[in-house]
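Hello,

Here is the structure I promised to pass on to you. Have a look at it first, and then read my notes below.

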Amino acid sequence: MGSFRASCKVLFCFFFLVSSVYQFLPIGADGNQTAQLIVDTKGPGRKMPETLFGLFFEEINHAGAGGLWAELVSNRGFEAGGPITPSNIDPWAVIGNESYVVVATDRSSPFERNKVALRVEVLCGNDSNSTNICPAGGVGVYNPGYWGMNVEQNKWFTVVMHVRSEGAVNISVALTSSNGVDTLAATNFVANACTVGNWTKYTANLRATATNSNARLQLTTTKKGVIWFDQVSLMPVDTYRNHNFRKDLSQMIADLKPRFLRFPGGCFVEGDWLRNAFRWKQTIGPWEERPGHFGDVWKYWTDDGLGYFEFLQLAEDIGALPVWVFNNGISHNDEVDTTSIGPFVQEVLDSIEFARGASNSTWGSVRTAMGHEDPFNLKYIAVGNEDCWKKNYRVCIFEIHTLCLLIYLMEGIAYLVMEHREHMIFLHAKIVKFYDAIKRVYPDIKLITNCDASSRKLNHPADYYDFHIYTSAINLYSMAHQFDRTSRDAPKAFVSEYAVTGKDAGSGTLLAALAEAAFLIGVEKNSDVVEMASYAPLFVNSNDRTWSPDAIVFNSSFVYGTPSYWMQHFFSNSSGATLLNSTLTNNSSMSLKISVDGLQTNSLQLSGATKTVLTSSNVMDENSFKEPTKVAPFRFELKDVGKDLDAELPAYSFTAFDLLTDSSSLQTVETDAGYKSSI
């Protein structure tokens, strides 16, 4: 048994949606009864899991590259065009025509895992001996970033680049407007031939003198010669917890108070083909040495600056437990046979050692060298993503059918009988190999299978099973009861991806948010079997809406939350909270009487109670850059709160009441397999 502290906060959430199209009623309500909610505080409540609500991050919609990861240069290592040179340098572009400058990639980089560098041959010059005079401002290359770089006045930026040349150099490094006319910040890199004869790392800090959300970085010169560039980076100095995460986007997710962070996908983990899957060892170490890879599912290049280490760091920074989804040798189109899966098993064991190993262990020492001596708190690992139906993923059960000829002797006469028999042969597949290997070394790690066990038992071991649902508003609303009849025996459910999609969702509607809220109320009611839940996808760059809707929308300079994002705020304090029994009676009127039964006299505090409402005039309303809070919660203070409360619920709304009590009599019980909660 556990108990509330002397002063605790009790959150009551009620969901009503009334419209001419969707006649949704409160969960568990009868439309012929009057509206009265009785909350029972006499009996013991049930403590909900500490991990109930969290986040799922996938590298989709340029969520990381060009988003959460604060790097402003796109294709900073010139690797996106592939290893064969000359190659495409997009989005880099040339300043000056071919009579002044010739630009091409070659394989002269000093970094072994990414050999492509950019060769810039300057044919013009501005010295007295030059007959080919460079145009004003010089020639060179520029990078527009991810649909423009956001440069704000008086903000500092750090530029890093690796340079080599056959002679002395004088390179202008500048932040400019998109057409290169207005200079926002600039410095010069001047070096003699001795200094840059070998690859040299150059670092400088730039302070912007003006604001432009569509800026670019340009590297120019008026000095004739050949210059090689590689690994050119531009980062804002002011990042979230100084760990190179974009500050405004990071704060948006931190405000949700997530208890876990599932990463890095999703389909991004698998790849359409294994050669393009997320492989964690390629994403750690110094950023210049990371080869990057093409995410062939969502069709864009990532330099993998946001790698395995950074995801672990992000989880720690926002106070969430990391949930590591690793590639288990399966992509959308090819997979490693179970007999050859050993190296993939070792790879995930190495990833756990990297996260949790001692600072002097093989992979723990790599983590330490990256600046994090203490282990990360890695407890949850998912064996792939949506792979249950793949050939080699789960335990295979083969039925061998045989016909047997039997001879029976009865009363001296022989009878021939054909009898059908079945033999069951069980073969271990990938999920079992990973499970056994990980549990042998790390018995406390919780393994998550891709196979849904909400309606039938698993045929392989797992601590959690993954549940994904994307559907219409009316379907997701009805799925508030999805887990009512699910077996309470282990494993537990992890609803790692849920959302309303299709015409109901648009780019993020109130209707979608309300249906999702209903589903999450059902998750809370069934939190004895559902221990984790997260919305998907989390982010979308408005310039790459590959998947819609999403929780958070951004461009280079602005960000807003969709109604689905704001809906999640209502559940931000639910993880680890106590679910009290309640009964809803009476009719579906939007007038509601709430009675809190069992509290001592005057135990409710008269001040500090609030009512928070998410609503809008139209159920299909959306937020936008023009109206970022058109659909956002409004909070009202409640006066003179007693154990009985009368409330009016707006149409198309989700409402939460926060009541403060000094009662110390409320108690909790541990989750029991036969326990049923009610709202």
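Let me start with a pair of strands: strand β12 (residues 169-176) runs antiparallel to β15, and five bridges join them. Within that pairing, A174 has Q218 of β15 as its bridge partner. Some terms before we go on: strands (E, at least two residues) and helices (H or I, at least four) are DSSP runs, numbered from the N terminus, and two strands pair if DSSP finds at least two bridges between them.

Please keep in mind that this is a predicted model, in which local features need pLDDT of at least 70 and side-chain atom pairs count only at pLDDT 80 or more, while totals for chains, interfaces and linings use all residues. Residues are numbered from 1 along each chain as its sequence is written, and side-chain values use heavy atoms, with hydrogens and water left out.

Is β15 enclosed or open? Seven of the ten residues of β15 (residues 212-221) are buried, so the strand is largely enclosed by the rest of the structure. Buried means under 20% relative accessible area, exposed over 50%, and partly exposed in between (1.4 Å probe, protein chains only).

Next, there is an open sheet of eight strands with parallel pairing, in the order β5-β17-β20-β21-β24-β25-β26-β27. Its edge strands are β5 (55-56) and β27 (530-535), each pairing on one side only. Inside the order, β25 (residues 464-471) and β26 (residues 492-500) run parallel and are joined by seven bridges; T471 has V500 in β26 as its bridge partner.

Now a helix. Helix α7 (residues 430-441) has twelve residues and should span 16 Å at 1.5 Å a residue; its end C-alpha atoms are 17 Å apart, which agrees. The expected span is 1.5 Å times one less than the number of residues. Among the buried residues of α7 are I431, V432 and F434. Their cover includes β20 (321-326), α5 (342-356), β21 (380-383) and β24 (446-449).

With 17% relative accessibility, N555 counts as buried. Its side chain reaches the backbone nitrogen of S557 at 3.0 Å and that of F558 at 2.8 Å. Leaving aside neighbours within four places in sequence, N555 is in contact (heavy atoms within 4.5 Å) with R246, N541, S542, N543 and F625.

Finally, the rings: how many aromatic pairs does the structure hold? There are 31. Rings of Phe, Tyr and Trp (its six-membered ring) pair if their centres lie within 6.5 Å; planes under 30 degrees apart count as stacked, over 60 as edge-to-face and the rest as tilted. F57 and F311 form a tilted pair, 5.4 Å centre to centre with 55 degrees between the planes. F57 lies in the loop between β5 and β6 (93-95) and F311 in helix α4 (residues 308-317), so the pair ties together parts that are 254 residues apart in sequence.

Enjoy exploring!

How values were computed
Polar contact = N/O pair within 3.5 Å; in protein donor to acceptor, adjacent residues only side chain to side chain.
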